[in-house]
Amino acid sequence: MKLVFATNNLHKLEEIQALLGNQIKVLSLKNINCNEEIPETGTTLEANALQKSDYVYSRYKINCFADDTGLEVDALNGEPGVYSARYAGDDKDAEANMQKVLQKLDGVEDRKARFRTVISLIMDGKEFQFEGRVEGEILKEKSGSEGFGYDPIFKPEGFDVSFAEMELTQKNKISHRGRAVVKLIEFLKKEYA
């Protein structure tokens, strides 16, 4: 089975393909010659994920899925949330985004946070959503060099290291995206195997 993953983020593509194994071939937007910028104007992760999957399905008529992920920090009233990629500006600068979170949490004791991923799958014109989340906390400084985004400042519950200090296989077992993808895979196996 072939499915389009509505992303050009190679890190996400690698993570997803590793989770899916050989059962499903994941195509990127580039693979289907979708070179336009897909709008993300929703105010929730659910709305953005649907907006992206619907954009691809309605234009290319290919079964696809899209995700939207947000880091939600309790002490910041759920920020950056749906605005995680552009928290410090429109250029999607991961370093600047992390610094903004660390700066806003300077001196704050409650550092509870979670990553939440919502996947919107459109198969044969019908939409299905899957959510994955991982609880944790924001570190006081960056730690590790693997992963991407906020990984160096996020320590998942039950671990002594940040996401950026984990092997990809270990991170995939517990990550928000990994948990959402497991639900996606179970659904695909049950419905389309």
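Reader: What should I know before I start?

Author: The model is predicted, so local features need pLDDT of at least 70 and side-chain atom pairs count only at pLDDT 80 or more, while totals for chains, interfaces and linings use all residues. Residues are numbered from 1 along each chain as its sequence is written, and side-chain values use heavy atoms, with hydrogens and water left out.

Reader: Which residues of helix 2 are buried?

Author: Here's the general idea: an α-helix has 3.6 residues a turn, so residues three or four places apart point the same way. Buried means under 20% relative accessible area, exposed over 50%, and partly exposed in between (1.4 Å probe, protein chains only). In helix 2 the buried ones are L45, N48, A49, K52, S53, Y55, V56 and Y57. They pack against strand 1 (2–5), strand 3 (64–73), strand 4 (80–81) and strand 5 (112–123).

Reader: Is D90 buried or exposed?

Author: D90 is exposed, because its relative accessible area is 69%. You'll find D90 in the loop between strand 4 and helix 3 (94–104). Its C-alpha atom is separated by 17 Å from that of L71, 19 residues apart along the chain.

Reader: And what about H176: buried or exposed?

Author: H176 counts as buried, because its relative accessibility is 3%. It sits in helix 5 (residues 176–192). Contact means heavy atoms within 4.5 Å. Leaving out residues up to four places away in sequence, H176 touches T69, F115, R116, T117, G132, R133, V134 and F163.

Reader: How do strand 5 and strand 6 run where they are joined?

Author: Two strands pair if DSSP finds at least two bridges between them. Strand 5 and strand 6 (residues 126–138) run antiparallel, joined by 12 bridges. One example: R116 has R133 of strand 6 as its bridge partner. The two strands form a hairpin with 2 residues between them, and D124 in the turn has a positive phi of about 50°. Strand 6 also pairs with strand 7 (residues 154–156), again antiparallel, over 3 bridges. There, I138 has F154 as its bridge partner.

Reader: What lines the largest pocket?

Author: On a 1 Å grid over the protein atoms alone, a pocket is an open set of points with protein on both sides within 12 Å along at least five of seven lines, and lining residues have an atom within 4 Å of a point. Grid points are joined across faces, edges and corners, and a volume is the space filled by probe spheres set on the points. The largest pocket holds about 1,000 Å³. It has 36 lining residues, and N9, K12, E40, A85 and K92 are the closest to its centre. Strand 3 gives the most, with 5 residues.

Reader: What is the volume of the second largest pocket?

Author: About 160 Å³. Its lining includes H11, E14, E15 and K171, and helix 1 supplies the largest share, 3 residues.

Notes:
Helices (H or I, at least four residues) and strands (E, at least two) are DSSP runs, numbered from the N terminus. On a 1 Å grid over the protein atoms alone, a cavity is a set of points where a 1.4 Å probe fits but cannot get out, and a pocket is an open set with protein on both sides within 12 Å along at least five of seven lines; lining residues have an atom within 4 Å of a point.
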